Amino acid sequence: MDRNLLLTPGPTQIPPEICEALGRPIIHHRTPQFQNNIKEVIEGLQYVFQTKNDIYLLAASGTGGMESCVCNLLSPGDKAITVDGGKFGERWGDICKCYGVNADVIKVEWGKAVTPEQIQAALDKNKDAKAVFITLNETSTGVVTDVKAIAAVVNKTRAVLVVDAISGLGVVDLQMDAWGVDVVVSASHKGFMLPPGLAFVAVSPKAFKYVQEAKSPRYYFDFRKSKKALEKVDTPFTPAIGIVIALVESLKRMRAQGLDQLFAHFALLAEGTRAAAKALGLTLFPDETCMSCALTTINLPAEINGEKLVKTLRDVHGISVAGGQDHLKGKIIRIAHMGCLTEEDILTGLEYLEVVLKEQGYSFAPGAGVNAAKKVFTK
Ligand SMILES: *Cc1c(COP(=O)(O)O)cnc(C)c1O
């Protein structure tokens, strides 16, 4: 099996021109050449983050970027608000606990989104809260959060709003400056079409005040060091040089397409995939009101062995989709709409999804899913 089609919500497919950039010989990072790369990358990231704020580059996976937010903004004993409606929202709470931050956790049923009213109520109850941590695109469930409405609530308080946009940035809209989001964290291996290993954190001036006051221990992740280095177009430590260089290509590609076109493209892939699921008689996991366009989460019928389905798709047909986590293990599949994925990639995935569903004894009109998606893609 030559095919290795990644329809997983991270890591995502890497297009040829980015693979080429990744294969270039290494250069030294304290050079004018690399400084040009840093300049270009920061400018390009500011376009994608829709911000003029500083953006720090960290050699880390996405979770490293998340941890850097907690230890830079807060001190042990500080109050924060987190939202647990899936694996990644839960992670904010876990990291807070590690740093002795007192997190008031808003529990949200998986598949639903936290509402601005719930955030308002938590802020009213915790007037001393210094930060609110949310997730743009909850990758474990396929739910998108109304960041704009939540920012309007948080902006009236002293708290800073921190958004995990690791799987959502460059895929669904997030206007950091226009909406007034204080900190946005993302990473290289989802919408940016790169290998894992590079995290990005954008920090507003309001949030940087908290960075200067915070007393949590931090060394590698210290934003004060990052800021000082960035002023000299530098990084405090050896950066992920190869990924930064390839990011130049990735950002060129994203800018050439334009954010609005990207968002519309992923919305179309999502619409086609949802139509396919319905045509196959399958239901979607998230609430209608908060379905993300970054991925489609499909409920599997009870007679289907979900773990086996994911394994067969991968090992026999060369197509990777994600299964469910925790209590959803074996019960759902998640198909990504991110990075460089095309309509054809989705159709290929659906074609083999039908093959494996049929093999496992699920009955439906053959071709119904693929045809429904095609109809959406060619309209
Ligand atoms: C992938 C992902 C992460 C974690 O990223 P790692 O790179 O695995 O550390 C965090 N949050 C969201 C929403 C994600 O999709």
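Across this predicted model, the count of salt bridges comes to 21. One of them joins the side chains of Glu249 and Arg24, with a nitrogen-to-oxygen distance of 3.4 Å. The pair links distant parts of the chain, since Glu249 belongs to helix 10 (residues 241-257) while Arg24 sits in the loop between helix 1 (16-22) and helix 2 (32-49), the two residues being 225 residues apart. Another salt bridge is formed by the side chains of Asp326 and Lys87, at 3.3 Å from N to O.

The domain assignment divides the protein chain into domain 1, made up of residues 5-10 together with 258-377, and domain 2, which covers 16-256. The C-alpha centres of domain 1 and domain 2 are 28 Å apart, and the contact between them involves 27 residues of domain 1 and 29 residues of domain 2. Together, domain 1 and domain 2 bury about 2,200 Å² between them, with 64% of this area on carbon and sulfur atoms. Leu259, Phe263 and Cys290 account for 24% of the area that domain 1 buries against domain 2, which is more than any other three residues supply.

Polar and charged pairs also cross this interface: two salt bridges are counted between domain 1 and domain 2, and ten residue pairs are found in polar contact, with both residues at pLDDT 80 or more. On the side of domain 1 that touches domain 2, helix 11 (259-279), strand 11 (295-299) and strand 13 (332-336) each supply at least two residues, and the largest share, four residues, comes from helix 11. By residue class, that side of domain 1 divides into 16 nonpolar, eight polar and three charged residues.

What surrounds the ligand? There are 14 residues around the ligand, and the closest are Ser61, Thr63, Thr139, Asp164 and Lys190.

| Residue | Distance to a ligand oxygen atom |
|---|---|
| Ser61 | 2.6 Å |
| Lys190 | 2.7 Å |
| His189 | 2.9 Å |

For His189, the side-chain atom concerned is an N or O atom, and for Ser61 and Lys190 a polar side-chain atom is likewise involved.

Phe285 lies in the loop between helix 11 and strand 11. Although Phe285 and Trp110 are 175 residues apart along the chain, their C-alpha atoms are separated by 8.9 Å. When its neighbours within four places in sequence are left aside, Phe285 is in contact with Trp110, Gly111, Thr141, Thr297, Asn299, Leu328 and Ile332.

Two details of the backbone remain to be described. Most residues other than glycine have a negative phi, and most peptide bonds are trans. Against that background, the peptide bond from Gly10 to Pro11 is cis, with omega near -10°, and Pro11 is located in the loop between strand 1 (5-6) and helix 1. Met193, although not a glycine, has a positive phi of about 60°, and its place is in the loop between strand 9 (183-187) and strand 10 (199-203).

Note on methods:
Residues numbered from 1 in each chain as written. Predicted model: local features only at pLDDT ≥ 70, side-chain atom pairs only at ≥ 80, totals over all residues. Heavy atoms only, no water. Domains from an automatic or database assignment. Contact = heavy atoms within 4.5 Å. Buried area = accessible area lost by both parts, 1.4 Å probe. Salt bridge = Lys/Arg side-chain N within 4 Å of Asp/Glu carboxyl O. Polar contact = N/O pair within 3.5 Å; in protein donor to acceptor, adjacent residues only side chain to side chain. Nonpolar A, V, L, I, M, F, W, Y, C, P; charged D, E, K, R; others polar. Near = heavy atom within 4 Å.
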